[in-house]
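Student: Could you show me how to read the features of a model like this one? I would like the general idea and then the case at hand.

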Amino acid sequence: MRNALLAISLIAIFAFFLYVAVNPGDFGGNTGDHLIFGEPRYSDMDDYFIHNGQNQTGANNIVTSIVFDYRGFDTLGEASVLFTAVLGVGVALRLLRRDKNDE
Amino acid sequence: MSWDYFLNHSPALIIVIPLLAAFATPLIGRFSRKAMYIWITASLALTEIFSIILLYGVHTGGTMVYVMGANPYNLSVPPDSGGIPVRIILTVDSFGAFMAFTASTVALAGGIYSIACEHSQTGQEKYYALLLLMLVGMLGMVLTGDLFNFFVFLEINSLASAALVSYRIDKGVAVEAAFKYAIISSIGALAFLFGVGILYGEYDALNMAMIAQRMKFTDLDKIVMALFTVTLAMKAGAIPMHYWVPDGYGKAPGGISAMLVTASQASLYGVFRVSFTVFGLSANTLTLGWFLIILGVLSMFVGVTMALIQHDIKRLMAYHAISQTGYMLLGVGVGLATLGTAAFNQYGLAAMEGGIFHIINHAMYKGLLFLTAGAVIYRVGTSDLNKMGGLAHGMKYTTIFFMIGALSIAGIPPFNGFASKLLIYESVYQFNPLLSIIAMIVSILTLASFVKVFHSAFMGPKIYDVKEVPKSMLIGMCILTFFIILFGLFPNIAMTYLVGPAAKALANPLEYIARVLGGGA
Amino acid sequence: MLLNLPFITVVIIMALGLYAMLFKRNLIKIVIGLSLIESGVNLFLVSLGYRNGGIAPIYTNAPSTNMVLPTPQALTLTSIVIGVATTAMLLSFCMVIYRHYGTLDSRKVRRLRE
Amino acid sequence: MSKIVRTQASFLYTFILIFGFYIVAHGHLTPGGGFQGGAVIATGIALVVVAYKFDEIKRRIKKTSLTAAEGIGLLSFIIAGISGIGVSFFYNWLANSGLLFGESVPYGINPGYLNTAGTLPIMNLAVGIEVLGGLGVIVLYMLHFVKGGEGNAA
């Protein structure tokens, strides 16, 4: 019973999102307000990066200039997430008794 | 290095200080444990000071904008960009500063409390580093103005919380709870990221203000709105998705249970921020408001009825946490439902103030209750209420602190729970009397439940020969008690300086957008 | 319709991941399901930035200056690392659970309610 | 594992290390960067872990040094961020300054110059060290848990 309900809801979600992905224009009748692969509607922020990133940061690789300069704070957070995960693994797998041979 | 310098850079410094402290903690903990305790306490206290500086700055200068890596620091829109923000912008309005203050206060209490509580465990340097990272996650969530940045801090917060829930391995049971928590919060975060992706694809922006300005509210945006509110409400522990709450809160160490309450409230902040600032201008706020109200009422009622049948002290308190989250959703939901109508000034704003006031009150008294529960478990060694009894003979201060917390959560007059609950009752009664009556009934049931706990744990003949808990645990509880009594006796202080501005800032998305997109100094 | 093939792939991958999470009983398979959903989201993010005929946004010896949008790539990079971190932590939890319970069957890993 | 695998592993390890550092160092010029390069180096550690016996790994790779690498990488990353706080946090004050990594780059398509991009290469290096330490120590934690864990039964 529970499985059947889950399966039905899964199929419903799947069908809905598949429909949205295949016919984004028909969804809700708002043609023009949808995502098309290969034709982003606005690109002003990214064009700013492409045109000014090289001058402002001196990096040829625009992705790096975004990762470490324009959105450097995100990268700090991301490094902290990795640090958190290492600490989490260390906490879960630690020795519960004090052991001289640890480390 | 003048006062202005600190004031201007405080939005960044408040996040950087605990982060730097967390990175250095394992290195310091390797040399000396005592130095590590001093280091942790000092950095938590410094964070608290900076949160007060933020409150002061927001109070005097309005919404603060801090642009990461820009020259000068508040140049949110570069002159050659054609009016779009390109960098990560920290936007601190009154609501954000209010949440930062709440989070850092509870973290300070929890950190000091843990020094004695976790004294005999191994791996303490990891514990404290994770505690600081959890605080960083909460602070980042409440201060950032960028959706992807919000996601990153959400992940920091949920991973650190999950790791801390697993800290007492407890024959694998704590790890099971942590696994559940981590799965639920990762799914939530991924769904949130999916929504951020859709918004990015539509509007080529990640800044909340920019998205709110460009928002056309297409059908895709409706999907995004559903994804955001449902996933963040799930992280906050509202009803249909609350299964992780009792497990996670119940198995975490005492100080962490208190901080998990604020972590949930940071997600709740996300719900409010997204529904007011991002979608508030374009969406039908009546529908969204009623959605929050229904979630809130369900959470209130189901949470308290489930709590009545529990016999584990921390699981019981966790169900009460679900129930109290309902009050905040109800209060702010009424505000959202009436946003933009004449009723908003009559009672909507008051309801929002009640809901927001309840956030800080709940953080304080539920934090205090979790700390007392941790103290009881620390001395007795079990969390089963049926096996406890007569603790008041040996643990006088803990008993007093528990009474203060219990009376406060039930909304008894001299304490802070009364102030916020009264605001909610009065204003919601004008919106819909039935909701107000449900809220009052829930409050009575809460009182009944805590009378039961008090009776079975602290009253009765002396069973255990227990001593009072160590000083650092008492200091942790004392910090929270101070704020409970302060806000209970003088609710006007909190209303004028903390809650009132926060509610006004939240209800006014246009000012937020103007402040961010208005360009640099 | 074929234009949107990446988005359709995203939906299929995410549905597979959701299936694994809802119907599989092994905790490690649940983690695999989570990783699948995450891959779907990453593919979605990266395909949002594609511009027809665009090249990677790197100026070093680039053949042209018609470049795809760089921001989604940066976001995907961040999201991949976060996913690695999450997966590592969940797997270590699985290891501890197996050590103490002797099983990874989610029907038997239920000591919380006792 | 057999002797062939072990010899190959210690032979390949050097190349993996060099390739990883190449990716890290050229992060601002070519595809790649700190995370990718660090992950490549961590694969080298995982290769050694797979190829050798537990006792030998315990002797050759120390958890302490990897944790220290992680901490040092993170601290230098955040200090590189803080160093710009005279203007704002994460301000790239070295770019186009003429100092270390401070040459200005000709606009448009160019063959790529290493001495550019300001704080970006420093951050790349810091993140690379952090990631190799972090991912490596995760692998080691899991190995130690599986191999030597009777202390964890408590």
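Student: How far apart are the end C-alpha atoms of helix H2 (residues 44-57) of chain A, and what span should its 14 residues have?

Tutor: Helices (H or I, at least four residues) and strands (E, at least two) are DSSP runs, numbered from the N terminus. The expected span of a helix is 1.5 Å times one less than its number of residues. For H2(A), with 14 residues, that should be 20 Å, and the end C-alpha atoms are 19 Å apart, which agrees.

Student: Before we go on, what kind of model is this, and how are residues and chains labelled?

Tutor: This is a predicted model: local features need pLDDT of at least 70, side-chain atom pairs count only at pLDDT 80 or more, and totals for chains, interfaces and linings use all residues. Residues are numbered from 1 along each chain as its sequence is written, while chains are lettered from A and ligands numbered from 1 in the order in which they are written.

Student: Where is the kink in H2(A) centred?

Tutor: The bend at a residue is the angle between axes fitted to the seven residues ending there and the seven starting there. In H2(A) there is a kink of about 45 degrees, centred on A:His51. Just after the helix, A:Gly58 takes a positive phi of about 80 degrees.

Student: Which residues of H2(A) are buried, and what do they pack against?

Tutor: A residue is buried if 20 or more other C-beta atoms lie within 10 Å of its own, exposed if 12 or fewer, and partly exposed in between, with C-beta atoms placed from the backbone. The buried residues of H2(A) include A:Met45, A:Phe49 and A:Gly53. They pack against helix H3 (62-70) of chain A, helix H3 (71-101) of chain C and helix H5 (119-147) of chain D.

Student: How many residues does chain C bring to its contact with chain A?

Tutor: Two residues are in contact if their C-beta atoms, placed from the backbone, lie within 7 Å. Here 36 residues of chain C are in contact with 37 residues of chain A. H3(C) gives the largest share of the chain C side, 14 residues. For the classes, Ala, Val, Leu, Ile, Met, Phe, Trp, Tyr, Cys and Pro count as nonpolar, Asp, Glu, Lys and Arg as charged, and the others, Gly among them, as polar. The chain C side has 27 nonpolar, eight polar and one charged residues.

Student: And what does the contact between chains B and D look like?

Tutor: Chain B gives 16 residues and chain D gives 13 residues. On the chain B side, the largest share, nine residues, comes from helix H1 (residues 3-31) of chain B. By class, that side has 13 nonpolar, three polar and no charged residues.

Student: How do I read the overall form of chain D?

Tutor: The radius of gyration is taken over C-alpha atoms, and the globule rule is 2.2 Å times the number of residues to the power 0.38. A compact globule of 154 residues would come out near 15 Å, but chain D has 19 Å. Its C-alpha atoms fill a box of roughly 55 × 40 × 20 Å along the principal axes. Chain D has five helices and zero strands, and 45% of its residues count as buried.

Student: Which residues are on each side of strand E1 (residues 64-67) of chain B?

Tutor: In a regular strand the side chains alternate between the two faces of the sheet. In E1(B), B:Met64 and B:Tyr66 are on one side, B:Val65 and B:Val67 on the other, and all are buried. Two strands pair if DSSP finds at least two bridges between them. E1(B) pairs with strand E2 (residues 89-92) of chain B in the antiparallel sense over four bridges, and B:Met64 stands opposite B:Val92.

Student: What phi do B:Asp204 and D:Phe90 have?

Tutor: Most residues other than glycine have a negative phi. B:Asp204 has a positive phi of about 55 degrees although it is not a glycine, and D:Phe90 has a positive phi of about 70 degrees. D:Phe90 lies in the loop between helix H4 (63-82) and H5 of chain D. Both residues are buried: B:Asp204 has 23 other C-beta atoms within 10 Å, and D:Phe90 has 31 C-beta neighbours inside 10 Å.
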